[in-house]
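Subject: A structure to look through

Hi,

Here is the structure I promised to send over.

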Amino acid sequence: MNTVDRLSVLKTYKLYVGGKFPRSESGRVYEVTDSKGAWLANAPLASRKDARDAVVAARKAFGGWSGATAYNRGQILYRVAEMLEGRRDQFTAEVAAAEGLSKAKATAQVDAAIDRWVWYAGWSDKVAQIAGAANSVAGPYFNLSAPEPTGVVAVLAPQDSSFLGLVSVIAPAIVTGNTVVVAAAEGAPLPALSLAEVLATSDLPGGVVNILSGRTAELGVPLAAHQDVNALDLAGAGDELATELEKAAADNLKRVLRPGTVNWTADPGTGRLLSFLETKTVWHPMGV
């Protein structure tokens, strides 16, 4: 039987904002290439307007997500991990192309990312035990401290780890009740844009995670200056850009997590999990 050549069905990548998949408001795209410079796809080139829209979506989703029970958030994150497992081969191919890895090494990265997502899901109803306290005070009072989410967190995803690093900055922020606006790795955004497809078909409410692709600096500046963004994770910013964004963030006293040298394959600990929490302390008279 003669084999008939088929036309390639190229994938159209889009932004992920408020649970929907818009194109960039400007219609702009940019070429994404593999580690050898070969064309992979056109990714949306998000603008300042897209960043503002994503913040609006994240703020709208914050009340419902932060008000959900910790157990429920853990269940939803675990469901995302289940769906990532089902698309393991796709992510392996995208990570291998983006980072120039062998199939075996890319598979190890994807497996680690899925395992990490499960790990953070398990922290949902346990983080209060390590971040909260019953405080000893001199007086007839109960004094209790409990962690609460900071709010909307803008995340600049790591540039050197397109999927494992991405998961390692998104999961700890949302499991505690924050909502996020993520600027994907500029040179390797495709795993992040594919993650959006998983999130949209899981039980995660729209707006909890919003994913933008484009120029890191172009997106970072308006997010850092935005008055309705409560915190910044600068994992994907170089030192010069990070300093600029820190100055912009100071205007409304955002929490800022500075970039640093991170081994994304190592045990993450609880550092990022605790970075975007506030502490509420309540006094209550005894016997009342």
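This is a predicted model: local features need pLDDT of at least 70, side-chain atom pairs count only at pLDDT 80 or more; totals for chains, interfaces and linings use all residues.

**Aromatic pairs**

How many aromatic pairs does a search of the whole structure find? The search comes up with five. A quick tip for reading the numbers: a pair of aromatic rings is described by the distance of the centres and the angle of the planes.

One of the pairs is Trp119 with Tyr120, which sit edge-to-face, 5.0 Å centre to centre and with 75 degrees between the planes. Is Tyr120 buried or exposed? Tyr120 counts as buried, because its relative accessibility is 1% and the limit for buried is under 20%. Trp119, on the other hand, is partly exposed, with a relative accessible area of 34%. Trp119 and Tyr120 also belong to one aromatic cluster together with Trp123.

Another pair is Tyr141 and Trp283, again edge-to-face, with 5.8 Å between the centres and 75 degrees between the planes. Tyr141 lies in strand 4 and Trp283 in strand 10 (residues 277–285), so this pair ties together parts that are 142 residues apart in sequence. Tyr141 counts as partly exposed at 36% relative accessibility, while Trp283 counts as exposed at 52%.

**A nonpolar patch**

Phe142 is partly exposed, with a relative accessible area of 44%. Which residues make up the nonpolar patch on the surface? They are Phe142, Leu144 and Met286, and together they have about 300 Å² of accessible area.

**Charges over rings**

Next, find Arg215: its charged end sits over the ring of Tyr30, 4.6 Å from the ring's centre. Arg59 does something along those lines with Phe62, lying over its face at 5.6 Å from the ring centre.

**A backbone angle to check**

Last one. Most residues other than glycine have a negative phi. Now look at Leu253: it is not a glycine, yet its phi is positive, at about 55 degrees. Where does Leu253 lie? You'll find Leu253 in the loop between helix 9 (239–249) and strand 9 (255–257). Leu253 is exposed as well, because its relative accessible area is 74% and exposed means over 50%.

Cheers

How values were computed. Residues are numbered from 1 along each chain as its sequence is written. Side-chain values use heavy atoms; hydrogens and water are left out. Patches are made of residues with over 30% relative accessible area and no salt bridge: like charges are joined within 9 Å, nonpolar side chains (Val, Leu, Ile, Met, Phe, Trp, Tyr) within 5 Å. Accessible areas come from the Shrake-Rupley method with a 1.4 Å probe; for residues, only the protein chains shown count as cover. A salt bridge is a side-chain nitrogen of Lys or Arg within 4 Å of a carboxyl oxygen of Asp or Glu. Buried means under 20% relative accessible area, exposed over 50%, partly exposed in between (1.4 Å probe, protein chains only). Rings of Phe, Tyr and Trp (its six-membered ring) pair if their centres lie within 6.5 Å; planes under 30 degrees apart count as stacked, over 60 as edge-to-face and the rest as tilted. Helices (H or I, at least four residues) and strands (E, at least two) are DSSP runs, numbered from the N terminus. A charge sits over a ring if NZ of Lys or CZ of Arg is within 6 Å of the ring centre and within 35 degrees of the ring normal.
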